[in-house]
Amino acid sequence: MGTDRASARSVVFAPLDPHSRAETVVRRLSDAITFGLLADAEQLPSESDLAAQFGVSRVTVREALVSLRHKNLLETRRGRGGGSFVRAPADSSLRARLSELSLPSLRDSTDHYVAIAGAAARLAALRATPEDVKRIEDAASGPLHRVERTFHLDVAAAAQSARLAREEVRFGAELGTLLWSPVIQPDPATCDPRDEHRAITAAIADGDGDLARRLTEEHIERAAERLVNLHLTLVEP
């Protein structure tokens with residue numbers, strides 16, 4: 001990532017692995033739509049611009065956009081001012097996706113993410129500039145599910161590790177839309193995720209890598225517990 005640290009949105013549109021295909025474009029854009037990084041009714045860049053940003057052919061992008069339209073995540077408008085526009089998904093689609101997962105797979109994926117996000121937070125505390133910290137702080141506004149995704153993407157970007165940033169995006173492709181879904185609301189009597197974000201950000205600003213990592217791991221473990229509990233209610237006979 002070098003000195004040009006990516007914001008959450010630029011991580012979304014980062015070039016894909018050379019072996020990626022249209023389904024990878026579909027997954028990345030669908031997760032960005034679900035998280036709210038791409039807002040409802042927002043117009044996507046043109047096919048040629050998307051192809052350049054992802055590092056794939058226009059044919060691959062066109063195939064991905066067709067798939068997203070079939071999933072009702074995009075709509076196409078013709079004529080002047082036309083193009084591909086975002087359609088935010090309903091909660092029911094997220095619940096259906098969660099119910100298809102096995103509990104062991106769910107736990108394994110969340111354990112993996114705890115390790116990824118914790119490592120990114122520790123490195124961010126060691127490497128983040130004041131500008132990085134401000135960008136992380138600025139991620140605090142908006143709906144919580146959108147704040148969560150943007151926050152963790154910005155922390156990963158501040159870690160200055162291209163591999164960790166890619167892993168953060170890959171996790172979003174596997175489970176992140178569920179973990180930070182608006183379907184799962186934390187109990188305000190037991191925790192406030194925004195307060196947890198502020199504590200993590202303060203640790204990063206202070207350069208305390210061990211604290212940033214521990215707070216991040218605890219934050220995600222609490223979210224994972226909420227997700228597991230919802231999963232159990234969906235799959236119980």
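**Glu168 in helix H9.** In this predicted model, Glu168 is placed in helix H9, which spans residues 162–179. Because its relative accessible area is 1%, Glu168 counts as buried, the cut-off for that class being under 20%. Its side chain forms a polar contact with the side chain of Tyr113, at 2.9 Å.

Arg28 belongs to helix H2, which is made up of residues 22–35. With a relative accessibility of 15%, Arg28 is classed as buried, since the class takes in residues under 20%. Along the chain, Arg28 and Arg170 are 142 residues apart, and their C-alpha atoms are separated by 8.2 Å in the model.

**The hairpin of strands S1 and S2.** Strand S1, covering residues 74–77, pairs with strand S2, covering residues 83–86, in the antiparallel sense and over 4 bridges. Within this pairing, Leu74 stands opposite Val86, a residue of S2. The hairpin has 5 residues between the strands, and in it Gly79 adopts a positive phi near 80°.

**A nonpolar surface patch that includes Leu234.** Leu232, Leu234 and Val235 together make a nonpolar surface patch of about 190 Å². Of these residues, Leu234 is located in helix H11, which runs over residues 209–235.

**The protein chain as the setting for the close-ups.** The protein chain contains 11 helices and 2 strands, and from the N terminus on its elements follow the order α-α-α-α-β-β-α-α-α-α-α-α-α. Of the 237 residues in the protein chain, 46% are buried, and Glu168 and Arg28 are among them. The protein chain exposes about 11700 Å², of which carbon and sulfur atoms supply 49%. Among the contacts in the protein chain with a separation of 6 or more, 75% are accounted for by residues 24 or more positions apart.

Key:
Residues numbered from 1 in each chain as written. Predicted model: local features only at pLDDT ≥ 70, side-chain atom pairs only at ≥ 80, totals over all residues. Heavy atoms only, no water. Patch = residues over 30% accessible without salt bridge, like charges linked within 9 Å, V, L, I, M, F, W, Y side chains within 5 Å. Areas by Shrake-Rupley, 256 points an atom, 1.4 Å probe, with all protein chains shown as cover. Salt bridge = Lys/Arg side-chain N within 4 Å of Asp/Glu carboxyl O. Buried < 20%, exposed > 50% of the residue type's maximum accessible area, 1.4 Å probe, protein only. Polar contact = N/O pair within 3.5 Å; in protein donor to acceptor, adjacent residues only side chain to side chain. Pairing = 2+ DSSP bridges. Contact = heavy atoms within 4.5 Å.
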